[in-house]
Amino acid sequence: MPRPAPARRLPGLLLLLWPLLLLPSAAPDPVARPGFRRLETRGPGGSPGRRPSPAAPDGAPASGTSEPGRARGAGVCKSRPLDLVFIIDSSRSVRPLEFTKVKTFVSRIIDTLDIGPADTRVAVVNYASTVKIEFQLQAYTDKQSLKQAVGRITPLSTGTMSGLAIQTAMDEAFTVEAGAREPSSNIPKVAIIVTDGRPQDQVNEVAARAQASGIELYAVGVDRADMASLKMMASEPLEEHVFYVETYGVIEKLSSRFQETFCALDPCVLGTHQCQHVCISDGEGKHHCECSQGYTLNADKKTCSALDRCALNTHGCEHICVNDRSGSYHCECYEGYTLNEDRKTCSDKCALGTHGCQHICVNDRTGSHHCECYEGYTLNADKKTCSVRDKCALGSHGCQHICVSDGAASYHCDCYPGYTLNEDKKTCSATEEARRLVSTEDACGCEATLAFQDKVSSYLQRLNTKLDDILEKLKINEYGQIHR
């Protein structure tokens, strides 16, 4: 809106000091305007698409006094990619020094953004009674050239056609041909309109269409800006999209407020990620969780579980693989086996000779073992030692004629009829009656018979001895075959 010209020209020095005279400390409080947000050291929080920034630590500069171009909470905040269009009022009511303040405000916001083809793209729409697109979203891809282009913008003329400016931005600036990203990219489209007057055209319908097309509108009012018009242009919620400053002299301070608005907080740095092990920043305020070596990410994408190295069948355990809580594993053996020094293979107790079996050790399929006895022996109650079941059957009894078993471990010798057991309880001698009969019938034959019997007895004893040796060798051979 046009403003009445001053009665006389200000001296040069006073002209330079004029913005300082407009600071709010020297100006009286304006009449309260419902729906406006006045500039303070902190602005509204919780705008869509971002999280509230953490409070600055003691001694840190407040958001309103941040250094130009320095991101608030360095290392924590990174601007999210935007297609951002500034719509600035340059009608005659905005004096040259005030318009310079507006351009500084725009440059300060650019300083807080990550500019680039894959990051934020910026365009500027300049308006008064006419509308001019100063440069499109695809024009500049670095901060330096972008700020230089902003510095070259000049005011237009009289009039405040805010509705036409929004329509032009929607039709010509927020298009793919002009450099805006495709809707499928999910890059937010944001417009910031700065004005100090009342629109001279209709803004409610065009602003509604712009918002319906996906453009998020912020309205910044200065000095005599119309509250109702600002509210009609801005997106909901109004308390987060409508700002007011009393003079252009302090509009630059709003740059820090928009920095917070466009900030994508890094939850990995803030410690709000809830990852059990490792948080990985993906940029744009996004992150994902990963797990330490030996662990795998669970379905909740946050917690971790130890890898089942045993299930992978790469463990090398001969018998049993056991997962440990640390994400590692160890090998164990079946019962009756012992883990070898390589900590992977197993040896059975029978082969190790630690089984304790008196006669024979037999490995079971379950990994255990049991003891058995040689033929003619029986396993004792201790399941390890053996006792003779029938010593007569062993053939090692030493009886000359007959071995009579008296139980599991006892026996005695007996003789054929006509013979009597000698004192050694093993050999036999013919009775007197038998000798007499032999002597009477044929003395020569008797002697020959006795000689033959003695010879047979001698052969039998030697044969028994040999049988005992053969039996022992057979047992040893059988034992060796079992343990091969």
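Lys 301 sits in the loop between strand E11 (295-297) and strand E12 (304-306). This is a predicted model, where local features need pLDDT of at least 70, side-chain atom pairs count only at pLDDT 80 or more, and totals for chains, interfaces and linings use all residues. Residues are numbered from 1 along each chain as its sequence is written, and side-chain values use heavy atoms, without hydrogens and water. Helices (H or I, at least four residues) and strands (E, at least two) are DSSP runs, numbered from the N terminus.

Two residues other than glycine have positive phi. Asp 223 lies in the loop between strand E6 (215-222) and H6. For accessibility, buried means under 20% relative accessible area, exposed over 50%, and partly exposed in between (1.4 Å probe, protein chains only).

| Residue | Phi | Relative accessible area |
|---|---|---|
| Asp 223 | near 55° | 25%, partly exposed |
| Lys 301 | about 65° | 55%, exposed |

Another loop, between helix H6 (227-233) and helix H7 (238-241), holds Pro 237. The peptide bond from Glu 236 to Pro 237 is cis, with omega near -5°.

Next, the sheet. Six strands form an open sheet in the order E4-E3-E2-E5-E6-E7, with mixed pairing. Strands pair if DSSP finds at least two bridges between them. Strand E4 (131-135) and strand E7 (242-245) are the edges, each pairing on one side only. Strand E2 (residues 83-89) and strand E3 (residues 121-127) run parallel, joined by seven bridges. Asp 89 stands opposite Tyr 127 in E3.

Helix H13 (residues 443-482) contains Leu 460. Leu 460 is partly exposed, at 37% relative accessible area.
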